[in-house]
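Subject: Structure for you to look at

Hello,

Here is the structure I promised to pass on. My notes on it follow below.

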Protein chains: 2
Amino acid sequence: MARAFTIGIDYGTNSVRAVVVDCADGHTVGTHVFDYPSGNQGILLDPKQPHLARQNPADYIAGLRESVRGALADAEPQRGFAREQVIGIGVDTTGSTPLPIDAHAAPLALNPRFTNTLAAHAWLWKDHTSAHEAARITEIAREHHPELLAPIGGTYSSEWWWSKIWHCLNVAPDVFDAAASWVELADFIPAVLAGVTNPRDIVRCICAAGHKAMYSDAWGGLPPKAFLARLDPKVADLRDRLYDKAWPSGRPAGQLSESWATELGLRAGIPIAMGGFDAHYGAVGSGVTSGTLVKIIGTSTCDCAVAPAADRIAEIPGICGIVNGSIMPGYFGIEAGQSAVGDLLKWWVEIVCGGGEALHASLSSEAASLAPGESGLLALDWNNGNRTILVDTRLTGLLLGQTLHTTRAEIYRALIEATAYGARAIVERMREYGVAIDRVVCCGGIAEKNDLFMQIYADVLGQPMLIAGSSQTPALGSAVAAAVTAGSAAGGYDEWTDAQARMTSLKPKSFEPRPDAQAVYDRLYGIYRELHDAFGGVAATRADLASVMKRLLQIKERAVEITA
Amino acid sequence: MARAFTIGIDYGTNSVRAVVVDCADGHTVGTHVFDYPSGNQGILLDPKQPHLARQNPADYIAGLRESVRGALADAEPQRGFAREQVIGIGVDTTGSTPLPIDAHAAPLALNPRFTNTLAAHAWLWKDHTSAHEAARITEIAREHHPELLAPIGGTYSSEWWWSKIWHCLNVAPDVFDAAASWVELADFIPAVLAGVTNPRDIVRCICAAGHKAMYSDAWGGLPPKAFLARLDPKVADLRDRLYDKAWPSGRPAGQLSESWATELGLRAGIPIAMGGFDAHYGAVGSGVTSGTLVKIIGTSTCDCAVAPAADRIAEIPGICGIVNGSIMPGYFGIEAGQSAVGDLLKWWVEIVCGGGEALHASLSSEAASLAPGESGLLALDWNNGNRTILVDTRLTGLLLGQTLHTTRAEIYRALIEATAYGARAIVERMREYGVAIDRVVCCGGIAEKNDLFMQIYADVLGQPMLIAGSSQTPALGSAVAAAVTAGSAAGGYDEWTDAQARMTSLKPKSFEPRPDAQAVYDRLYGIYRELHDAFGGVAATRADLASVMKRLLQIKERAVEITA
């Protein structure tokens with residue numbers, strides 16, 4: 001049989017990456033990264049609004065063209081590759097990143113009238129200008145439609161679809177009024193490739209709809225008009241101009257248009273896979289399946305698991321998203337996360353200690369020489385709030401146990417440990433509600449580069465830490481989605497698990513828990529949970545705070561004795 | 001009337017300072033500092049015992065001779081000064097710093113047999129090798145003689161007399177057995193100057209006896225033999241070889257011996273004032289009197305107040321020492337303290353941030369530009385435990401409220417604020433138990449140099465911060481004691497308050513509380529007390545920890561609005 005290739009396109013926060021992948025074994029034969037050209041690494045900022053983060057849709061289009069062309073040019077010289085053998089394209093993006101579009105499905109921001117209006121551009125996932133609207137949505141839903149909050153962990157976020165759109169209405173009503181519809185970036189790019197010119201023809205993925213827009217088949221799609229009218233009648237009216245149905249991955253979002261086929265030098269008509277969020281396709285590219293938790297560890301961490309749709313997954317309190325079909329069809333996609341992981345270490349090393357890469361390395365090596373518990377420190381990992389399992393952005397950091405001898409390396413280690421305790425809290429919560437987790441696969445820069453970090457995670461979670469074989473799991477996952485969407489007849493696959501088995505892999509290196517360390521970390525995790533519950537406002541907490549410092553000193557003294 | 005001068009000698013941790021002071025106005029006409037010559041700035045250490053800190057009595061003797069000779073040589077050229085006009089000598093020292101002596105009142109360490117035995121040297125105040133003994137003494141006293149603990153705050157310390165002497169018996173019984181008696185450094189130096197050659201003739205000050213050796217006239221002096229026998233029968237036996245009576249300041253400890261008079265070029269027979277602790281004579285030199293709290297702010301802080309002996313001062317829980325006559329005769333001396341103040345900032349700047357003097361200055365200037373509450377941070381000042389009002393060395397530091405934007409300067413300020421809250425807790429406790437505090441006078445390097453620190457203290461305490469006029473208040477206080485001991489007939493004074501009024505002063509600069517800042521700090525102090533009581537194990541605490549981070553964020557947001 002002829003060789004077949006798919007293209008995966010990954011829209012990150014600062015760049016677009018395209019890969020050309022061999023369907024037989026997942027090997028990357030071509031790759032190209034397009035960095036957004038405008039200032040601030042492609043992010044539009046407003047000095048007067050620190051929480052604002054937008055992107056110019058023109059950069060998305062340019063990035064699409066340049067990244068795919070570059071990846072194909074990179075693949076071209078490879079033996080056995082030919083452009084005609086590309087059987088499909090998959091796309092993943094950041095999200096929720098909604099943008100307003102006109103009646104022809106073109107971004108409003110491309111219209112000269114709106115080019116200088118920030119609200120007309122794409123509202124990047126990390127735009128937090130809509131905090132007030134998010135709080136109101138949560139309040140109104142709690143009072144009138146609590147069912148809407150159940151699958152998203154009980155709290156609506158300022159990062160999500162409705163908060164942003166409502167905020168647009170409040171601050172830039174001209175943009176809101178001019179928008180024929182709104183679209184998630186994850187749905188927009190496939191629609192661009194497919195040449196869609198009517199907002200109604202955009203195929204919407206359940207991934208964005210279910211996790212960010214309170215969409216569920218249980219209540220007939222998007223939230224009822226009566227609910228949206230409580231936000232604003234204009235938001236209720238907008239519902240008619242959005243979409244009735246969102247789909248799981250696997251179904252094509254469209255076929256490559258003639259004009260984009262010409263632009264890219266590919267065959268017209270090849271399928272475009274349903275778009276998805278980077279974390280979800282990253283999980284696919286890391287081999288997520290029943291019983292496997294994928295941790296995408298970067299500045300923050302995103303945890304993805306799936307559970308067979310046949311199992312009835314109850315709501316899991318504090319887990320921000322459980323959506324049928326959001327990661328792979330036939331499974332509940334379960335998403336959790338930690339708001340600051342790499343960012344927490346970056347804060348410590350760069351902002352507080354005033355160092356750079358070299359200091360990261362030296363603190364890491366010094367921290368590696370410490371025994372668990374030896375520092376006497378315990379931290380909460382909440383410098384950027386707590387996403388899971390407390391779902392509270394208004395929480396902050398805590399460090400406890402320091403003496404006059406405490407070193408920066410000890411604090412560095414305590415911060416890693418804090419994120420590991422946070423990770424354990426997520427795993428325990430999932431298990432408590434029936435989600436099997438037999439295997440943990442990590443991906444992202446920290447997973448590949450920071451052995452100390454991974455060993456601490458293995459020890460704290462009491463579970464081997466495996467590492468995904470690819471360093472670009474979202475793009476690889478998009479390519480997997482494209483291979484499944486194309487189907488076996490075209491040289492792809494009919495089953496997701498088959499595609500994953502062939503196209504994804506693990507690195508040979510893994511990290512095993514050490515029983516001695518595990519025992520110490522079990523005690524420390526217990527203290528972490530006491531503080532977590534007390535400061536996080538968990539009802540019925542039984543923290544013995546008066547003994548916390550003394551218990552840490554006991555653990556420290558024992559650790560020092562053992563290592564002495 | 002002819003001019004009169006006194007000499008004040010201050011035994012610090014690393015040096016001996018002597019000053020020659022004009023009795024008329026407290027002006028220093030000569031000064032000399034003798035740095036201890038042995039390694040480690042005169043402190044004997046043992047690499048195997050990090051809590052050990054001893055000093056060689058030979059250094060004390062050399063320091064006595066050199067510092068006084070130097071100060072006199074410095075004074076000699078001054079117009080109007082003559083050695084014959086020196087009418088008395090006062091001495092203050094660190095404490096509790098006990099040393100074993102032989103039957104001729106000579107330090108055992110000067111005997112070649114013991115020169116190389118660390119236990120035979122002076123046990124410096126900060127020697128913490130006796131933690132086990134201290135804990136046992138507290139236990140035994142609580143069970144059998146709770147009255148012994150009442151005046152010292154309820155807990156006996158590893159820094160104090162009996163802990164150290166008992167530990168000597170446990171680890172170096174040969175030294176213990178060879179000791180005819182033990183003496184506090186504060187009593188030893190006056191005895192040396194007076195030429196005392198029999199331990200029984202050493203005049204003991206109530207200051208050391210009452211604060212460190214559980215001496216009280218209420219139970220006939222030192223603790224009863226029955227109590228000491230519960231530690232060890234040999235300790236009980238030692239009681240007979242110590243002293244029956246300790247005296248308040250004002251009474252002479254002796255007269256200058258012929259040999260030391262010759263050695264120093266002074267008149268033989270001039271009175272030697274009763275020795276005292278540096279903090280107490282520092283308070284005298286800062287003008288302590290009824291209603292005035294003196295804060296000696298350095299690496300740690302010592303708070304000294306006096307209350308008329310006629311007032312019945314109840315026990316004050318958590319205040320480590322209330323001793324009749326310990327600071328000045330006719331008053332209860334009340335002593336409190338914070339274990340880490342300058343040390344806390346030093347830790348942050350030098351150990352964590354890896355900087356030096358320049359970084360101290362730049363963090364201080366950056367921190368000064370912040371409004372109260374603007375950082376959103378709150379810290380507990382317990383990196384070295386809590387001396388007052390919790391009396392618990394097994395407490396540790398806590399920092400709370402940090403985000404990914406928190407800077408080192410914000411933390412620097414939060415640490416200063418934490419020590420100010422700790423200071424306020426002490427003041428509130430004293431007032432609660434009837435000690436009037438109408439005026440706060442600060443001395444020490446931080447008080448003189450760090451304006452930011454002093455302004456924060458004024459704002460947090462809601463009280464002007466005054467600064468002592470002298471930079472060497474302990475030495476000046478010793479000179480005041482010498483002037484009172486000499487009496488008006490000799491050119492000194494008969495009343496302490498008269499001597500203080502003439503010989504001590506305030507700097508023109510002071511720090512006034514700012515009402516806006518005070519209001520914010522009142523709220524922050526409330527949160528500090530919630531954490532203080534919760535982690536400090538104060539019974540019946542009603543901390544609402546679940547809202548702590550949110551309350552700090554509210555205060556922060558309001559502060560940012562005001563300063564924006």
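Which residue of chain A forms a salt bridge with B:Glu557, and how far apart are the closest N and O atoms? The partner is A:Arg394, with those atoms 2.9 Å apart. Please keep in mind that this is a predicted model.

That salt bridge belongs to the interface between chains A and B, where the count is 4 salt bridges. Also across this interface, 23 residue pairs are in polar contact, both residues having pLDDT 80 or more.

On the side of chain A that touches chain B, four elements each supply at least two residues: the helices α12 (342-352), α19 (515-536) and α20 (548-563), and the strand β20 (397-402). Sorted by class, this side of chain A has 22 nonpolar, 13 polar and 6 charged residues.

As for extent, 41 residues of chain A are in contact with 41 residues of chain B. The two chains bury about 3,500 Å² between them, and 61% of that is on carbon and sulfur atoms. Within chain A, the residues that lose the most area to chain B are A:Arg394, A:Leu404 and A:Met549, which together make up 22% of what that side buries.

β20 of chain A pairs with β20 of chain B (residues 397-402) in the antiparallel sense, over 5 bridges. In this pairing, A:Leu399 stands opposite B:Leu399.

Regards

Note on methods
Residues numbered from 1 in each chain as written. Chains lettered and ligands numbered in written order. Predicted model: local features only at pLDDT ≥ 70, side-chain atom pairs only at ≥ 80, totals over all residues. Heavy atoms only, no water. Contact = heavy atoms within 4.5 Å. Buried area = accessible area lost by both parts, 1.4 Å probe. Salt bridge = Lys/Arg side-chain N within 4 Å of Asp/Glu carboxyl O. Polar contact = N/O pair within 3.5 Å; in protein donor to acceptor, adjacent residues only side chain to side chain. Nonpolar A, V, L, I, M, F, W, Y, C, P; charged D, E, K, R; others polar. Pairing = 2+ DSSP bridges.
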